[in-house]
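I opened this structure for the first time today. These are my notes on what I looked up.

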Amino acid sequence: MRISRRTLAAAAVVAVLVPLSACGSGGDDGGSADASGKVEGDITFQTWNLRANFKDYFEGVIADFEKKYPGTDVKWVDQPAEGYADKISADAAGGTLPDVVNVSPDLAAPLAKAGLALDLDKAAPQYRKEYLEGAWASHQIPGLTGTYAFPWYLNTGPLFYNRSLFDKAGLDSEQPPKTYDDLFSAALKIAEETDGEVATLANVPTIEDFGRYGVPLMNDDGTGFTFNDAKGVELLTRYKKLYDAKALDSQALTATPESSGKKFLTEGVAMNPGSALDLDNFKKQAPNLYKNIGITDQITSTGNVNMYVMGVMVNAQTKRKPAAVAFGHFVTDATRQMSFAKEVAIFPSTAGSLDDPYFTEEDGTDETRVRVASAQSLKNAVNYTPVLFSEQMKVELRNAIARALQGKESPAEALDNAVKACDRLLQQQG
């Protein structure tokens, strides 16, 4: 997992996780699901770019676990963000996958299909009730029965906007967009009033944006993608209109969440998604922006906001299954998740934790306002990114969107081609 400016998302892994179906036959057939027995022995725990900022926290968690279970020894390995998926793929293929691994749902999927992710519904069903139902389900894989990682943290956040830029364009900064019609109308007005100098959005739509818009992303049995339907074409057509009017930033085709954040920070665009984590960043790095910051809800046609999910997977082939399962649960239990949530702006996936006063009581600051609103929205939030939507598929969709925005293909042609490419990749996964 990465702690980044955009909701610690699992959405921007650079490398491609190659298919691992040759490594196993699916499910947890690579090893027994029995996790009973004494918790003892040496295990390795791998995280995703956490040591720099959270060294003390994780060393404390490990020390507490080793104290609770004498005879255990946890070796902590932290991998950099770039190439993380590639590293997992290489370890899986080489038989060197750590005992306990930090994953997002899309990274867990090929490991589960290859028989390398332990099915917790079989190995540790007693823990299921400790987690939010939607969070536990987040690491379930279409085509397989079972749950293949402990839910760890959740995240979501509001839409930030620059009140000053709204006012300069003649818009009421006290009435930010609430619907997609409002959003696209405001974006076109800002571009028109500033002669194209100020864009409203810095990113092209991602798969979760299609989900939020109400586009069905996959068929019911998870065997094919459907985001090229009429509603998907409608969304991309509206983005094409923004792009032509310079209401979408000129660098949007190559933007990353980080570069988009910098664009908003320097007041180059009028709106950007984010989290409570961003407010302190605005305050320190862009006091003029912070003075003019507006905060509104995510725009969605479904009534459900998007959430990002992280998990902790147990290697089905570990020789220390009782210790690995115990540690995966320990890291993600309510006590540890609440503690971690107070270290950084994330939200626990454990049942009842979002009812803690920390997530329900405001103190008059924007930080607590965002935290409370986000926690409330998480209770019925959806992880719109399909579990089977790989990094390579994200690239295919992004490239198709770029072709449509540049006028090389119509929105319908571009999405049809993206679906065909993603379906081919899906067949290769199987």
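**Notebook: a helix and a sheet**

I began with the surroundings of helix 7. Its buried residues are covered by elements that include helix 6 (163-168), helix 8 (207-213), helix 9 (230-244) and strand 6 (271-273). I note here that the model is predicted.

Next I looked up the dimensions of helix 7. It runs over residues 180-193, 14 residues in total. From its first C-alpha to its last it reaches 20 Å, close to the 20 Å expected at 1.5 Å a residue.

Which residues of helix 7 are buried? I listed Y180, L183, F184, A186, A187, I190 and A191. They sit on the same side of helix 7, because they cover an arc of only 160 degrees around the axis. The spacing follows a general rule: an α-helix has 3.6 residues a turn, so residues three or four places apart point the same way. I then checked the other side of helix 7, where D181 and E192 are exposed.

I also looked at what comes after the helix. D195 follows helix 7, and its phi is positive, near 55 degrees.

An open sheet is formed by 6 strands, in the order 2-1-3-8-4-9, with mixed pairing.

Strand 1 (residues 41-48) pairs with strand 2 in the parallel sense, over 8 bridges. For G41, the bridge partner in strand 2 is T72. Strand 1 also pairs with strand 3 in the parallel sense, here over 2 bridges. For Q46, the bridge partner in strand 3 is V101.

In which sense do strand 3 and strand 8 pair, parallel or antiparallel? I found the antiparallel sense, over 4 bridges. V101 turns up again here, opposite M313 in strand 8.

**Around strand 3**

I checked where the side chains of strand 3 go. V100 and N102 point one way, while V101 and V103 point the other way. Are these residues buried or exposed? I noted all of them as buried.

Last, I looked up helix 3 (residues 105-113). It lies across strand 1, strand 3 (100-103) and strand 8 (308-314). Helix 3 runs at about 130 degrees to strand 3.

Terms used. Residues are numbered from 1 along each chain as its sequence is written. This is a predicted model: local features need pLDDT of at least 70, side-chain atom pairs count only at pLDDT 80 or more; totals for chains, interfaces and linings use all residues. Side-chain values use heavy atoms; hydrogens and water are left out. Two strands pair if DSSP finds at least two bridges between them. Contact means heavy atoms within 4.5 Å. Axes are lines fitted to C-alpha atoms, for helices over the stretch in contact, and angles run from 0 to 180 degrees between N-to-C directions. The expected span of a helix is 1.5 Å times one less than its number of residues. Buried means under 20% relative accessible area, exposed over 50%, partly exposed in between (1.4 Å probe, protein chains only). The arc is that of the directions from the helix axis to the C-beta atoms.
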